[in-house]
Protein chains: 2
Amino acid sequence: MKPRTLAVCYNAAAAQSCGPQAPTGLQAAQESTHIYTKEEVSSHTSPETGIWVTLGSEVFDVTEFVDLHPGGPSKLMLAAGGPLEPFWALYAVHNQSHVRELLAQYKIGELNPEDKVAPTVETSDPYADDPVRHPALKVNSQRPFNAEPPPELLTENYITPNPIFFTRNHLPVPNLDPDTYRLHVVGAPGGQSLSLSLDDLHNFPRYEITVTLQCAGNRRSEMTQVKEVKGLEWRTGAISTARWAGARLCDVLAQAGHQLCETEAHVCFEGLDSDPTGTAYGASIPLARAMDPEAEVLLAYEMNGQPLPRDHGFPVRVVVPGVVGARHVKWLGRVSVQPEESYSHWQRRDYKGFSPSVDWDTVDFDSAPSIQELPVQSAITEPRDGETVESGEVTIKGYAWSGGGRAVIRVDVSLDGGLTWQVAKLDGEEQRPRKAWAWCLWQLKAPVPPGQKELNIVCKAVDDGYNVQPDTVAPIWNLRGVLSNAWHRVHVYVSP
Amino acid sequence: MKPRTLAVCYNAAAAQSCGPQAPTGLQAAQESTHIYTKEEVSSHTSPETGIWVTLGSEVFDVTEFVDLHPGGPSKLMLAAGGPLEPFWALYAVHNQSHVRELLAQYKIGELNPEDKVAPTVETSDPYADDPVRHPALKVNSQRPFNAEPPPELLTENYITPNPIFFTRNHLPVPNLDPDTYRLHVVGAPGGQSLSLSLDDLHNFPRYEITVTLQCAGNRRSEMTQVKEVKGLEWRTGAISTARWAGARLCDVLAQAGHQLCETEAHVCFEGLDSDPTGTAYGASIPLARAMDPEAEVLLAYEMNGQPLPRDHGFPVRVVVPGVVGARHVKWLGRVSVQPEESYSHWQRRDYKGFSPSVDWDTVDFDSAPSIQELPVQSAITEPRDGETVESGEVTIKGYAWSGGGRAVIRVDVSLDGGLTWQVAKLDGEEQRPRKAWAWCLWQLKAPVPPGQKELNIVCKAVDDGYNVQPDTVAPIWNLRGVLSNAWHRVHVYVSP
């Protein structure tokens, strides 16, 4: 399927009636200068249509190379129908001359230089100003933008590259000017309120920690299979890990005169993102956690050595290690200390767990505590469900994490649906006692039992409080589809 | 079956050939002064033999009263064949004249005043000096003494009465003189070692907290049903709750010059109980927990307002809220701060969790962390497995608890083996945030579905980290049978 003589479409309009399914007969002047539109490239994403990618202005048909890709076919397929650059930017191993030489063999033409589709921005669209996202992200919702990295990229790196870090937005992304940005911190009685610029925040002692963030809805799609829930269809990717740098919340609160008090209190955060009525995203955490230096709550201005990307809260977000993503308020505008939890919808009417028996007619949101620390979690990222694996030996990979700084101490993996178990090898940064804020990646290479035609692969993790994952989803099902941490199961076929 | 004319045995030797199964024909001089030996009384413990109890020197046949007992038949049956006093001491409601009048109707005679069996103490027996225990305790091992309260008493009181608090001894109970008792606290470099008398400990600020203790082996008997394990056959009763008073460990350590350090360290405890080679019981906890005033680790000298009973560590034991019982070292003799965990067998070669695949040939004790915080737990105490319940409505009772100060936020109960769930009502002392050291008791009154002949009752608890119990036992099975916290299941019949 290498260099084929195909129709060349000179403009977007013509391209619509063009493509392998309906060649028009328009021929390029010379074989050596086939010109393709982006749209035409984007329709080549399967072995049947041919698998095309672009690099700069060059177009390549890599159909025959896909199975030879050293990183595995599935990773190259993520770029099918579009540019390689966003992926090569993540995986620097590609920036070598022999990779470019190899690719050159598959060149079939050039992109049409005039093929710049004018973006049709609906100016009244509150999401019109949202940033451009990485094409590898699996989008669960465009408006607001919610997307997760595909499993085969998720555990490729211990630190998730910023462009594919899972994104959970509740509202349009604000476009904030770092020069005029101010964080308002309401002072304690007798203390002083603060209006902090980015420079002011940089003047606090800088702390840098590796923290895994997980959405409460991670793996919700497995709950949906039991019974319908309200929520985005997250698969296993609503979890990512970054190195965050910023000021400690306890230092900033202390400067505003706050201190721990005997009675329970809460630190309320407000984002600068808001809905058309002007209601901002909000959430809160207990003051005791906020003021505890050991809890390491950050007002983060850096993510993996870069200013925060816009999707992740530029210029400042909260990072609450060991706690559900919903409390890590992005585009942070205001911090205050209150006797009660935040009155935000997302604190009081969402992000809570209920019994499987509770439905939308009977739910009493006040009866359950807001989710703070999350329970122990793990998932398989390789192989994929439905995949065919080689006989002989199978390599199983995944992640595991627990809330509250509890370290993952063991991951058990089963090839027979949970009848027998093997212990996986854990990888990742060494965690400090009681501050295991980051996940561990794990791997098991196991012989495939001879004659086996299928495998029911299961994983379950144990944390250092010896908490375990429940066996099945139905008994933890809840109407919002949060806290989905049953054993993760993947069914694969064994090639004969 | 009230007052029957039965054989009277005048001495223990004769009693052996005596009893309802083999009446000898020896008659008392008068109907009004039937005399019975203790041994004879002790053989009357079922409806078939008659159910006898004693109060002071009087003997009663309560066979017909058992079903009328306001506290339920099973509670009265605990005293069958022996004295009522130990039970009436627990449940003061009995000390009323109408109770005694009611009992008088069932009197059948008197205990033989000469019937004092000389205790045959084997003086070389290291357990010879162990204290006398309450007859309600279900004994799993006499030497060392290990026993649990029966389920129907366990959740009768939020605070477990001292005499039926579960007892987990590893060695003979030392008999310590409170006047000469000294606690040795090894001083920090530059600090001072302490030799503290009981009075010295009382001079530290006194703290009082309600804490639930649970043995790591609680509910081990359910693991044994999956596959043999090494350990005592605890049912659901290796858990109890008391109000403890004592000095804070952090205050005592501070007086010896200890402070938190950057590097991880451990506080090692040594008991004054020891085996024939002189090896004492020992265990350790991280220094960070010991020094944290919020963790409220006590050197306790009082249990429910009394000096500690001998079985529970008289005169001083450690109480580590939220942590496995094995670290609450009793008869405390020595405290030191070490760079490593205690080298005690019970810290390093026991009280750890492993994968179900690990057996005694493959176990590597160094590969697992010592158990500290325990996972979320719950169990049904009423009805009992195999019991027959009334149709109409069933009342289900139990307890729930989690380690690390995590509060139980919900208990789900199922009558159909886990297909559908109802939320139980939680009772108990209000818990402080992050310091839910004590259990909650729970109850559910539920209609029995009409026509149902059997119920498969199941309970599962959720803590405030939204940790849940696993569905089944086999996947958490481990060679020592610890951490048995799967859903608790009770099968009952419904009376037609």
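Which side chain meets that of A:K75 in a salt bridge, and what is the N to O distance?

Modeller: The partner of A:K75 is A:E156, and the N to O distance is 3.3 Å. A salt bridge here is a side-chain nitrogen of Lys or Arg within 4 Å of a carboxyl oxygen of Asp or Glu. This is a predicted model, so local features need pLDDT of at least 70 and side-chain atom pairs pLDDT 80 or more, while totals for chains, interfaces and linings use all residues. Residues are numbered from 1 along each chain as its sequence is written, chains are lettered from A and ligands numbered from 1 in the order in which they are written, and side-chain values use heavy atoms, without hydrogens and water.

The bridge joins distant parts of chain A: A:K75 belongs to helix α3 (residues 73-77), A:E156 to the loop between α6 and β8, and the two are 81 residues apart. Helices (H or I, at least four residues) and strands (E, at least two) are DSSP runs, numbered from the N terminus. A:K75 counts as buried, at 15% relative accessibility, whereas A:E156 counts as partly exposed, at 35%. The classes are buried under 20% relative accessible area, exposed over 50% and partly exposed in between (1.4 Å probe, protein chains only).

A search of the whole structure finds 53 salt bridges over all chains. One of them pairs A:D427 with A:K425, N to O at 2.9 Å. In that pair A:D427 is partly exposed, with a relative accessible area of 33%, and A:K425 is exposed, with 53%.

B:E152 lies in helix α6 (residues 151-154) and B:R384 in the loop between β19 (377-382) and β20 (388-389), so the bridge ties together parts that are 232 residues apart in sequence. B:R384 is partly exposed at 37% relative accessibility, while B:E152 is buried at 10%. Salt bridges can also share partners, and in chain A this joins A:R206, A:E208, A:R243 and A:E302 into one network.

Two salt bridges run between chain B and chain A. Among them is the one in which the side chains of B:E264 and A:R434 meet, with N to O at 3.3 Å. On the side of chain B that touches chain A, strand β22 (residues 408-414) of chain B gives the largest share, three residues. The contact (heavy atoms within 4.5 Å) takes 39 residues from chain A and 39 residues from chain B.

The structure has 20 aromatic pairs over all chains. Rings of Phe, Tyr and Trp (its six-membered ring) pair if their centres lie within 6.5 Å; planes under 30 degrees apart are stacked, over 60 edge-to-face and the rest tilted. A:F165 and A:F166 are stacked, because their ring centres are 5.8 Å apart and their planes stand at 15°. A:F165 is buried at 1% relative accessible area, and A:F166 counts as buried too, at 5%. A:F165 also pairs with A:W244: the centres are 5.7 Å apart and the planes at 85°, so this pair is edge-to-face. It links distant parts of the chain, 79 residues apart, with A:F165 in the loop between α6 (151-154) and β8 (167-168) of chain A and A:W244 in strand β12 (residues 239-248) of chain A. A:F165 and A:W244 are both buried. Ring pairs link A:F165, A:F166, A:W234 and A:W244 into a cluster.

B:L111 is found in strand β5 (residues 107-111) of chain B, and B:L111 is buried, with a relative accessible area of 14%. B:I35 is 76 residues from B:L111 along the chain, yet their C-alpha atoms are separated by 5.5 Å. Leaving out residues up to four places away in sequence, B:L111 touches a set of residues that includes B:I35, B:Y36, B:T37, B:V41, B:T54 and B:V59.

To return to the request, the side chain of A:K75 meets that of A:E156 in a salt bridge, between helix α3 and the loop between α6 and β8 of chain A.
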